[in-house]
Amino acid sequence: NLIMRSTQTIGVLVPNLANSFFSMFIKGIQQASQNNKFIPIIFDANHNQELQNMYLEELIKRAANGLIIASATLDANDIDRILTRNGIPYLLFDQNDAQIGDRVWVDDYKGGQMAANYLLSAGHRDIALLVGDEITQNIQQRINGFRSVMAKYHLSLTDERVIQNKMTKLGGYQAVDDLIALKPSAIFAINDEMAIGVYRGLQERGYRIPEDVSIMGYDDIDLADFVMPKLTTIHQPAFEMGQVATELLIERIQNPRLAHQDKQLPLELIVRDSVKNV
Ligand code: RIB
């Protein structure tokens, strides 16, 4: 009989597989699943709420043994209601401030501070911030951390200096005119994808990085080391985050009465070539 009823599955919902942060995250999920003889079923919700809801329902119908949800648009309390009602253990990634369920996380507040400290110590004062249009809890922390350091230097990051667009390369690219209008000496992009989109927009308009504008990213995706100039960023251990998320979830599946599990992973400043001293 080829039907192996004993194979347990983990449903995974990510917002955008084209962002290699999430590909690495999924590689980690796959690795840990394999080690534990689970099979992951992966969906890219494509930043689309309807699609997300549809996949979520399908996963429930198919009786996934547990779920990992990295979603920007689903409300954490809704998820909790739906999944708890259906008795499905899950782990929320990126919007776990309510501390609903188990969590794997990095200290994004500190990450934002690391980015700001680096730009400020390089002498930048005219800073613009580029963020996505769906602000998850972790990204809000990142922004708050960044702002807190600016405030310490008596610099305020007024709302006009915070540009919003889609959290993709295209979003970054499309934000370039808004950014240029602010005449920043440095731009902090909330993720590397957006930073790389900004690269292209600036370069097409004849701006040199970092001579004319410095750029700092966040995530340290594989491309960060391959663009010109190499992107200075904050490293998130995406692979390990996927691994740990899966391990915690599997422990929860196997032992539903386990006490709350919480695992924090480290961030690291990666200095490359996209920020100059002014
Ligand atoms: O690039 C994707 C972003 O979404 C990352 O910074 C990660 O923290 C997630 O929130």
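User: What order do the strands have in the open sheet with S7 in it?
Analyst: The order is S7-S6-S8-S9, an open sheet of 4 strands with parallel pairing. Strands are DSSP runs of E, at least two residues, numbered from the N terminus, and two of them pair if DSSP finds at least two bridges between them. This is a predicted model, in which local features need pLDDT of at least 70, side-chain atom pairs count only at pLDDT 80 or more, and totals for chains, interfaces and linings use all residues. Residues are numbered from 1 along each chain as its sequence is written.

User: Which are the edge strands?
Analyst: Strand S7 (162-164) and strand S9 (214-216), each pairing on one side only. The twist averages 20° from one strand to the next; axes are lines fitted to C-alpha atoms, for helices over the stretch in contact, with angles from 0 to 180 degrees between N-to-C directions.

User: What packs on that sheet?
Analyst: Helix H8 (residues 192-204), which touches S6, strand S8 (186-189) and S9 and makes about 140° with the direction of S8. Helices are DSSP runs of H or I, at least four residues, and contact is C-beta atoms, placed from the backbone, within 7 Å.

User: OK, the sheet with S1. What is its order?
Analyst: S2-S1-S3-S4, an open sheet of 4 strands, with parallel pairing. Strand S2 (38-44) and strand S4 (90-93) are at the edges, and the twist averages 15° from one strand to the next.

User: How many bridges join S1 to S3?
Analyst: 4 bridges, between residues 8-14 of S1 and residues 66-70 of S3. Gly-11 stands opposite Leu-67 in S3. Helix H2 (residues 49-61) lies across S1, S2 and S3, at about 175° to S1.

User: What are the domains?
Analyst: Domain 1 is 8-105 + 237-267 and domain 2 is 108-235, with bounds from an automatic or database domain assignment. Their contact takes 12 residues from domain 1 and 16 residues from domain 2. The centres are 28 Å apart, taken over C-alpha atoms.

User: Which domains does the shell around the ligand draw on?
Analyst: Domain 1 and domain 2, with at least three residues from each. Among the surrounding residues are Asn-19, Phe-21, Asp-94, Glu-193 and Gln-236, where near means a C-beta atom, placed from the backbone, within 6 Å.

User: And how confident is the predictor in the chain?
Analyst: The chain averages a pLDDT of 92, and 95% of the residues score at least 70; pLDDT is the predictor's confidence in each residue, from 0 to 100. For the complex, the predictor gives an ipTM of 0.96 and a pTM of 0.94.

How values were computed:
Two residues are in contact if their C-beta atoms, placed from the backbone, lie within 7 Å.
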